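Hello,

Here is the structure I promised to pass on.

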Amino acid sequence: MSSESITLSTTAQSTAASSQQGTSNMICGVSHPENSQNAFLSLQDGRRDGFDYVVTELPVPIGIVAASAAADGGVSKGSTSVRTDVTRMDSRWWSTSVVGIVGDPPHWKTASTKSTTISSDATGSQLMKALTSSKGVSSTKKQEADKIFWGMLEWASHMCIPAVILPTIPLGDGDSTTEVKISSSDEEDMFDDAPNDKPQDQAKPSQKKKSLLSINSASAKEYARLISQLSTSSICSTSRVQLWIRVPLTLHHLQAYQLLLARCDHSPSVGCMLSMTSPLDATDLPAITRALHTFMGGGHVKGISWDVSAFLKNKRGYPTLSKSHQYLFQLVYGRLGRTLRTLVEGGLPGELNHEDGGSPTRRFHLQYLAHLRSRAPLPSLLDSEEAVLETPYLDNLQSPLQPLGDHLEYQTYETFEKDPVKYKRYGEAVELALEDGMKEGKFPFVKRVKSNVSYLRQIAAGEDGELGLEDLLLESANKRDGAVVEVDLYEATIFVVGAGRGPLVRESIAAVSRVASSLLAENKALIAKVVAIEKNPSAVLYLQSLKSTHRSWNGGEEYAEQLDLHYPHNCGNDIEVLNRRGGITSPLPGLSNVTVIGCDMREATSHPLLKFMIQNEEFRADIVVSELLGSFGDNELSPECLDGVQRCGILKENCVSIPQNYTAFIAPVSSSRLYTEARCQSSFPAHPEEGPAAPASGMQRALETPYVVRSHAASQTHPEIACWTFSHPHPSKSDTTTRMDIEDNTSNKINASAEAAMKINNDRHAHISFRCDPMLGASAGCGYGALNTEMPSVGVKVKEGYDGTNVTIHGFLGSFHSVLYESPSVESKVGRKSSDGKRLSVISIAPNSFSVGMFSWFPLYFPLKQPLSAPEGSTVNCSVWRRSDDARVWYEWCAEVIDNNGNVWSTSSIHNPGGRSYHVRL
């Protein structure tokens, strides 16, 4: 089951004010203290102001109020008014537009506390003190508090309220003899240095001791026990009530919450509501930025609340936020804005009443937050077409493909083909390879041909716009439309292995036409024979349909079924038949002829057509193009597939592979969400094809399987580091080259190119150390997407003497960087320029070199069975192995944390030894 069951969304009844304010993409709620016990009135006022949901206090069970009044001689100290909202709203409003909050019981409040406006962070503090404090609370009081607390949550479950906001974690025991209690008042300096009257170096130890005692107090442990019990009760497991713990934005509270989450076994029912209750000092921003980065991954952040006291006033008296808060808004919403809930709370002066006498309005606060949400770069990050397409995949774990065991579905092909970047880069790579091939004289001369220019233009303007011939540079040669062009014709042979539905075939055809156009001024021309090899029978049918309906796949001519294959099945040594090129007697420059072959690329020797090409070197591949890369580069068996192609002997000695090489990268990640999602996989069937009766995967299998995931609620904690690189094709050995100098091309001797791939071992291993990063990898964000280059400039000036931030490592994110083609030439204008001036085409999902706009690959998540805590300044070591046997390929991995003294702080077991839980079938 998914760990995300809560839905708080706008409904059809959203007011026009909401749409006018542009808040449709930001789900925002409001808390009205004046109507805290009447959700109907609160929702009425909230909808009028454009809010999507409201917060209401959970009621104290009536029996407890009555018992308390009887104990006091029949006098009730608090309100006993009956709630009327339960009869004025039906269940759909309670389940979609109301969030509960645990407050202090009304009958516990004195006259003085009722008249005092308390901070939002102090809501429910008396109740929580009675539940968790070990001193100063009578057993009777504690029992009453326990009944009140559970009664409130039972009522929330009964009303189908989707989430409940719980009080702040108590940081002290309340014992006056210990100096551990830390105030959460508005006057607190969140990351305060040592007092001015003490030297800083003397203040550090006591400060650190004070912090550790506070976040690890007995009260905090009691609170964790209570939340753990609640998260495993029917209230959460059956009614799906989410628990949102209020967490003020201080380093102490962030650390305390991380401890609580670990004590609650990272329950998917437990999340946090970040609380902004006071203006923020700009000097605290670097340290908070640093801490927030890891917290957004490891903290199950569900929402963020903005107390009205955190707002300033502009010159016109309207609410605004400080520059520091504006920066944090951009940071948090830029990372989590698609799933984050927003809340405006806190009391307002009476002069901000509605014109018609309603509750004090917080409409202007909402309008200002909506304004921040509409400022760049948030709309491009959260509302773009790419962002909308990604939303269903956020933190949704997917099992990696079994490319040689399973066939992709039609819809999967269709989705991947929409990538606006990948295929453009592939087209550039083919174009660069063709340009270099012509310069180096690699492609065989066919003959000198005469072509009519007007016919070329007619073909270009015909039904096949993808030919790309409209850009032919005929004018540069001063040719008229009716003139005849005489050129030297050369022919390249391009193999597209794993052709799918043909996107790489189309890019190859277009690349040939572009290169041909650039050669016409030199009275040269290029044509191509393109061989599309695909093992999926359904995809082969699609390719054959393209062949039969697109003239660009037939050298510009209409499809002729009897001449479909210019390499006939019963071919023998008939080279003249091979040269027919689909029946074209006068081939046109820039055109290509495609042959569709259905077989496994590694078994070319078993196909008569490919076998003939193997036996005749002149018909072997000049360029082999493939898109077999996985999220980790090699995890979809690209090395094994391309080695198999080379081993068959179908490549020329100077054949070029696209991609030329690809490197696997890995980096630690902190993400409670990914970790809990991985654990949830344990209840899924181990073999879905066996139906619902199939046995469950189990926890070991679930946490020893890598998953493809669009990481979102995650934080990459260190810059990624390379593991290994694969390059193709393998170069021929010099001592075997002479064996190719033979006259008999039909002999069964293995050619040098094939022999180079005969004894290749694709097993790999890497032992990597991730040194402490001062910014905890903040510039890498969630581990997917380009680096935030502005982040280091904000965070490098972290105060000295602040408390260390422990990072929780929940696993590792794998990514890749691939050089599709690098040209030695510096003259081409195709692709991008490298540091040494060469032209190249690259695709990457590694944050350091991310290809912006590309969405065909998401990172590969390697979970850890138990999260590892990495203290400040420690080193995280990762070991990863790529292993194989005759039938499988699999990964093994483990991790350890080394402290500043070189001691092993914590370690994990080796995951997936021998491929016991996960492997890819060969």
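**Backbone and burial notes**

Asn-912 counts as buried, with 0% relative accessibility. Please keep in mind that this is a predicted model. Asn-912 sits in the loop between β28 (904-907) and β29 (920-921). Its phi is positive, about 60°, although Asn-912 is not a glycine.

Asn-523 also deserves a look. Asn-523 is not a glycine, yet it has a positive phi of about 60°. The loop between α21 (503-519) and β13 (524-534) holds this residue. Asn-523 is partly exposed, at a relative accessible area of 33%; buried would mean under 20%.

For context, most residues other than glycine have a negative phi, and most peptide bonds are trans.

Next, the cis peptide bonds. One runs from Ile-658 to Pro-659, with omega near 15°. Pro-659 lies in the loop between β16 (651-658) and β17 (661-670). Another cis bond runs from His-728 to Pro-729, with omega near -15°. Pro-729 is in the loop between β20 (721-727) and α28 (734-737).

Last, helix α25. Among the buried ones are Ser-638, Pro-639, Glu-640, Cys-641 and Leu-642. Asp-643, Gly-644, Val-645 and Gln-646 are buried too. Just after α25 comes Gly-649, with a positive phi of about 85°.

Best regards

Conventions
Residues are numbered from 1 along each chain as its sequence is written. This is a predicted model: local features need pLDDT of at least 70, side-chain atom pairs count only at pLDDT 80 or more; totals for chains, interfaces and linings use all residues. Side-chain values use heavy atoms; hydrogens and water are left out. Buried means under 20% relative accessible area, exposed over 50%, partly exposed in between (1.4 Å probe, protein chains only). Helices (H or I, at least four residues) and strands (E, at least two) are DSSP runs, numbered from the N terminus.
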